[in-house]
Amino acid sequence: MPRNGLVFGIQRIFSAEERLNSTASPFDHLRQQMDDVLGDGGILKEVVQPGEGPPVPENASVLIHYSGFLEYSDRPFETTTNLKYPRMMKLGRDVTLAGLELGLQTMRKGEFSRFLLQPQYAYGDMGCPPLIPSAAVVLYEVQILDYLDSAQVDDFIAMCPEEQNTVPLSTLLEVVTTLRSFGNRCFNQSRYDNAKDRYKQATTLLGNREAQSAAETERIKAALLPLYLNLSLTELRLDSPRKALKYGNKALEIDSANTKALFRCGQEYESAQDCLISAQARKPFDSDINNLLRKVAMCYKDCLDKQKDLYSKMFRGLRSK
């Protein structure tokens with residue numbers, strides 16, 4: 001049975017009857033139903049489940065499940081199928097096998113394929129003892145879960161701020177969208193520090209941009225708003241209510257009626273208030289704690305008043321329809 005979309009065990013590709021009635025090896029069987037990727041027989045491919053969209057671009061970052069097998073082995077020598085969240089891998093850096101990297105660039109999102117790699121495209125004549133013998137042909141089963149075209153991000157970040165300002169704003173916004181997608185992927189995997197780094201990197205790039213018109217300024221603000229909201233929620237997950245409040249307020253500076261920002265600020269005030277009440281219980285006469293607690297209470301009331309005003313406008317609009 002498939003596990004995370006992958007067939008677990010090379011022997012399961014063929015039925016018991018097929019193995020008994022043939023003198024050909026498992027890999028010989030596979031070769032008969034595979035396509036030659038490069039034309040030299042070094043990388044053979046079989047598409048088990050087609051994907052959608054364009055193929056993976058060069059230097060992209062990919063999210064994949066994969067398993068590597070030796071011939072006659074029913075257990076992989078390496079696999080990611082035991083991981084709930086496989087890590088994002090960058091082609092040319094994290095994917096070290098030439099055959100696997102070239103094979104990935106023929107795949108599409110959602111695709112599940114098998115690749116048979118000759119030694120020159122895998123572990124070479126030396127192999128990788130003790131797991132991989134010398135001059136070994138290996139089979140990889142790969143499923144593309146998702147990918148991001150991170151080459152554009154890498155090229156943009158390599159520029160100095162002056163060069164970045166000469167690039168069209170549309171390009172910057174594409175880079176920011178990719179960084180936010182990276183951050184969202186990390187956030188969904190509970191890797192909050194990594195998510196925070198991606199979001200902050202995107203806000204820095206937008207902050208360095210010298211807007212050439214009022215329209216550009218508005219487009220930059222529109223791109224900053226979801227980043228501040230994401231940072232606010234991420235800081236909440238990291239138990240940093242004061243930082244979460246800072247980003248929530250930044251979002252409200254852009255859109256004072258933003259319901260997400262108002263709700264998160266409310267959460268942040270409640271968290272800060274709880275922390276300060278606990279501190280006050282330990283040091284009831286500490287003036288700094290008491291002053292900050294009063295300030296938080298006033299800010300919280302202001303936030304609730306904004307929410308109340310927003311909701312009254314929403315309901316008034318509904319009643320008028």
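Predicted model: local features only at pLDDT ≥ 70, side-chain atom pairs only at ≥ 80, totals over all residues.

Me: Why is Ile 254 called partly exposed?

Reply: The relative accessibility of Ile 254 is 29%, and because partly exposed covers the range between under 20% for buried and over 50% for exposed, Ile 254 counts as partly exposed.

Me: Which residues does Ile 254 touch, leaving out those up to four places away in sequence?

Reply: With that exclusion, Ile 254 touches Lys 221, Leu 224, Leu 225 and Tyr 228, where a contact requires heavy atoms within 4.5 Å. As for Glu 218, which is 36 residues apart from Ile 254 along the chain, the C-alpha atoms of the two are separated by 9.3 Å.

Me: What makes the pair of Phe 77 and Tyr 140 edge-to-face?

Reply: The count of aromatic pairs comes to 5. For Phe 77 and Tyr 140 the ring centres are 5.9 Å apart and the planes stand at 90 degrees; because pairing needs centres within 6.5 Å and edge-to-face needs planes over 60 degrees apart, the pair is edge-to-face. Phe 77 lies in the loop between β6 (61-70) and β7 (78-79), whereas Tyr 140 lies in strand β11 (residues 138-148), so the pair ties together parts that are 63 residues apart in sequence.

Me: How do you know whether Phe 77 and Tyr 140 are buried or exposed?

Reply: Phe 77 has a relative accessible area of 17% and Tyr 140 has a relative accessibility of 0%, and because buried means under 20%, Phe 77 is buried and Tyr 140 counts as buried too. Ring pairs also link Tyr 66, Phe 77, Tyr 123 and Tyr 140 into a cluster.

Me: What kind of aromatic pair do Phe 187 and Tyr 192 form?

Reply: Phe 187 and Tyr 192 are 5.1 Å apart centre to centre, with 65 degrees between the planes; since the angle for edge-to-face is over 60 degrees, this pair is edge-to-face. Phe 187 is buried, with a relative accessible area of 15%, and Tyr 192 is buried at 19%, each value being set against the limit of under 20%.

Me: What makes Arg 198 a charge that lies over the face of Phe 182?

Reply: Arg 198 is at 4.4 Å from the ring centre of Phe 182, where the rule asks for a distance within 6 Å and a direction within 35 degrees of the ring normal, and Arg 198 is accordingly listed as lying over the face of that ring.

Me: How does helix α7 compare with its expected span?

Reply: Helix α7 (residues 192-208) has 17 residues and reaches 24 Å from its first C-alpha to its last, close to the 24 Å expected. Its buried residues include Tyr 192, Ala 195, Tyr 199 and Leu 206, and the buried residues of α7 pack against α4 (151-157), α5 (161-164), α6 (169-188), α8 (214-237) and α9 (241-254).

Me: What is noted about the phi of Ser 190, and where is Ser 190 placed?

Reply: Ser 190 has a positive phi of about 65 degrees although it is not a glycine, and its place is in the loop between α6 and α7. Ser 190 has a relative accessible area of 46%, and is therefore partly exposed, as this value falls between the limits of 20% and 50%.

Me: How many disulfides are counted?

Reply: The count comes to 0 disulfides, the rule being a pair of cysteine sulfur atoms within 2.5 Å. Cys 160 is partly exposed, with a relative accessible area of 31%, whereas Cys 186, at 6% relative accessibility, counts as buried.

Key: Residues numbered from 1 in each chain as written. Heavy atoms only, no water. Helix = DSSP H or I, 4+ residues; strand = E, 2+ residues; numbered from the N terminus. Expected span 1.5 Å × (residues − 1). Buried < 20%, exposed > 50% of the residue type's maximum accessible area, 1.4 Å probe, protein only. Phe/Tyr/Trp six-rings, centres within 6.5 Å; stacked < 30°, edge-to-face > 60°.
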